[in-house]
Amino acid sequence: MARPPLTGEALLTVRGVVANFGPVKALDGVSLEVRAGESVALAGENGAGKSTLIRCIAGDWTPSGGQILIAGRRVGADPAVVGRLGVAVVWQDLSLCDNLDIASNLLLGGEGGRLLVSETRFHTRAARLLQELGIDLPDTTRNVRMLSGGQRQLLAVARAMRDRPRLLILDEPTASLGGEASAQVEALIAELHRQGTSILMACHDIDQMFRLCDRIVVLRRGGLVADVQAAGTHPDDIVTLISGQQVDSSPRRQLSRLHGLTDRLASADPSSSLPLILSALSAALGSPPLSIHLLEGATLRAAAFQGFSRGLQNAWEELPYGPAGGPVGLAAQSRETLVDPDVRTSARWAPCRQAALEGGVASSWAVPVLGPKGVIGVITILRPGVGYPDEDELELVTLYAGYAGAAVERDQLLGQVTARNRVLETIREVLETLAGPVPFSRGLVVALEALRYGLAADEVALITDGPGEAPPTVRAGISRPEPAGHSGPPDPGPSRRSDPAGPADPPMAREADAPRLSGRLQRIAEEELARALLSGAAGDGRAREHAVGDGGWRMTVTFATREGATALVAGWNKRSSPPGDRALMEDAANSLRLALEREESQRAQQEAAALRRSQELQRGFLSRLSHELRTPLTAIRGYASSLMQSDVTWDGESEKRFLSRMAAESARLGRLVEDLLDFSAIESGVLRLQPDWCDLALVLDAAVAVLPPGAATRIQITTATGLPAVWADHDRLEQVFVNLLDNALRHNPPGTQVRVSARPGGPSEVLVEVTDDGTGIPDDLAGSLFDQTGRQRGPTSGAGLGLSITKGIVEAHGGGIEFDHLKRGSRFRVHLPIEADSPQVGAPSTLRPDTPTPGSATGTTTTGATNTGGQSVA
């Protein structure tokens, strides 16, 4: 928003104001004016009288003499009258109420009846006012003491602007603030000034005065020593006036002062060097319009303007090299200073004479900016009057041109160093990522993002040619993130990429966060790989670039891997010249080739190690299994041979004992074979269940009934009241609890007690715990309890498949099993879902037994494994 022009009307008039504090004269005949829409700074040392003058204007102090007029009306020591005349003050101490919130401070004294009645309307009014002023304080209920210094200052300014005063007086608005907070307050003051609010500001920051104010009034020892325009004054002059010294503003003085600009340029950001030089030159020459153009090929492009009219600035944004570029183009071509005392008659101004005359330009001089390799730019000074410049002025501009040349050279050198550092940093990051411990697929995404950033490319992809007729595979791809607010439709494509959020420091990508690889990027990668294969250049590791489309470029490096020809592709959508980063692309491609070879080698080693481990496990398992099978077979064969001996006659009791042993060993052999079949089905994923709604109380009772006689007296079963039925295979669940109970009894000393509890484990699962008070499981076996290679406890442990099968059955139901160490004994916890989401279980029936049996309502605990808790199956 442009600031309204000054009307010439004096909004504030101070005439000969005198203020005494006892014998001390704080103000001695001070006179000044502030016009409507003007911003004026009060400068001076501590004790110069700035704050006293503000107090007198605000009606907070009665002057000893003189007059103060606001909009032509004389005012006295009455702040209320001053406020009604459109004057608001922000004191240095802010005068905020720390015990109130933001809204209460903002609307203090201006609440009105309607706002006091409705708290919602009260805070809505405060939030709207802050929004109108562009102040980011969204929570108006926040206590003021919780705000930062910058936020408190913004709130104080907002309160002063609440009633839209015509004159805003600020007493040291940023004296106690840091850099970021000061910038926020300055931005608000500048915006208020642009909107037409008159500003009177007392401060010590010289640079701030020049950034915010049109005029600077200097006070010293209570008297006014200077009233100058900021645009035509140098900051050093203000410092000189404040300190009481004489100011010499001649070109010679400006020429000697220019040497102090070196330190400022050395510490300034390169991008601000030319505007800083142009601003200093404008102040030195009395603020004429200035411009500086830099030579790029056959075009002179404007780097900075100072005081140009909009029409002339638009016409001079780009100028051709040579006569067609007017005085700027000719100065660059001739490498000489060209002076045109009258624009109306100068032939050099023919290409842009009309724009110059409309902009009030009468004369000009163009000074070339020289560098080590020739002309690098042109500084042009425009004057509203006809005539030649002084020799001192020409010497001054020539010296400034030398500073400008040095700044441009420094900027170019810094750009080259930055580019080299970026290349080295990119190569380092790619190497560290690919050589690090992260998986190759994840490290590849991070490496490609680092490469894309280092190349300043729009997209980078790695693609491998498929074997035979198989299509190529894009290993990974990275595209430049869409700008904020982009609402275009996504480009569909296979999911093969990840895109870190920050290009300056790409974070480690996570596979779960990987967005979809755009179809466009996949097509680009496939096109470049096909192009390399057709050209016969695949595999040589050299970078090749070519132009595509409207101002785009692509670069490709191909290399050979075991999987086939692989291409590293980079693309630029808009670029005026070839990328020229071949070394970086080739180094990155070589690093990727080595990483791919390392990955292939590691994968082969892992597969070989896994195969050896599998063979060792198979040999050990088969060896133990053959022993377990041989034991019952040997017993059966021995008893059968004894019974078949023709020379021995056995009594009936012995024959019965032999046959009983043979039957027991046959049953043992059958169990081993059944375990093997169950384990094989579980391992191969073909275990099939016959699910139905099962009452766990009945399942546990059935499991206890299978155990040897007398075991039931050592088992306690507890089921929770209202325990829901589960969708499961009754027989398989019975097998699970038979294994757990049998292990607990058989592998512990006689007299060991076993407790079984069943209760809801969550909103959709049931938890069954089997706990014994036996000797527990040794630590060396606890880690392999559910592994088919880990033996059970005791000499009669069988093939060691019981717990493995138990785990497989539970997981087939969609549940899980855990083992807990106890101080005495062991505990197994079985989690069973009420309605399992498992392909082996299948969808549950809609006929669910939701009505418990009368016994389940008691939830009692019984001994002897006669369980009355739980639910019945319908």
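So, S642: leaving aside residues up to four places away in sequence, this serine touches W650 and F658, where a contact means heavy atoms within 4.5 Å. S642 sits in helix α19, residues 582-644. Helices here are DSSP runs of H or I with at least four residues, strands are E runs of at least two, and both are numbered from the N terminus. Is S642 buried or exposed? It has 18% relative accessibility, so it counts as buried; the cut-offs are under 20% relative accessible area for buried, over 50% for exposed, and partly exposed in between, with a 1.4 Å probe and protein chains only.

Before I go on, a word on what we're looking at. This is a predicted model, where local features need pLDDT of at least 70 and side-chain atom pairs count only at pLDDT 80 or more, while totals for chains, interfaces and linings use all residues. Residues are numbered from 1 along each chain as its sequence is written, and side-chain values use heavy atoms, with hydrogens and water left out.

Okay, the overall picture. The protein has 24 helices and 29 strands. Of its 874 residues, 45% are buried. If you take the contacts with a separation of 6 or more, 62% of them are between residues 24 or more positions apart. The exposed surface comes to about 42,400 Å², and carbon and sulfur atoms supply 51% of that; those areas come from the Shrake-Rupley method with a 1.4 Å probe, and for residues only the protein chains shown count as cover.

Now the sheets. Let's start with the five-stranded one. It is open and antiparallel, and the order is β18-β17-β21-β20-β19. We call two strands paired if DSSP finds at least two bridges between them. The edges are β18 (473-479) and β19 (543-548), each pairing on one side only. On average, neighbouring strands in this sheet are turned by 15° against each other, ignoring direction. For angles, axes are lines fitted to C-alpha atoms, for helices over the stretch in contact, and the angles run from 0 to 180 degrees between N-to-C directions.

Look at β21, residues 564-572. 8 of its 9 residues are buried, so the strand is largely enclosed by the rest of the structure. On one pairing, β17 (459-464) runs antiparallel to β21 over 6 bridges, with L462 opposite L568. On another, β20 (552-561) is antiparallel to β21 over 9 bridges, and there R554 stands opposite G571. How many residues lie between β20 and β21 in their hairpin? There are 2.

As a parallel example, take β7 (167-171) and β8 (198-202), joined by 5 bridges; L168 has I199 in β8 as its bridge partner.

A quick stop at another hairpin. β11 (290-296) and β12 (299-306) run antiparallel with 7 bridges, and I292 stands opposite A304. There are 2 residues between the strands, and G297 takes a positive phi near 70°. β12 is also joined, antiparallel, to β13 (318-320) by 3 bridges, where R301 stands opposite E318.

Last one: a helix pair. The axes of α22 (730-746) and α24 (802-812) come within 9 Å and cross at roughly 145°. Which residues meet there? From α22, we have R732, Q735, V736, N739, L740 and N743, and they meet G802, L803, I805, T806, I809 and V810 of α24. That contact divides into 6 nonpolar, 5 polar and 1 charged, where Ala, Val, Leu, Ile, Met, Phe, Trp, Tyr, Cys and Pro count as nonpolar, Asp, Glu, Lys and Arg as charged, and the others, Gly among them, as polar.
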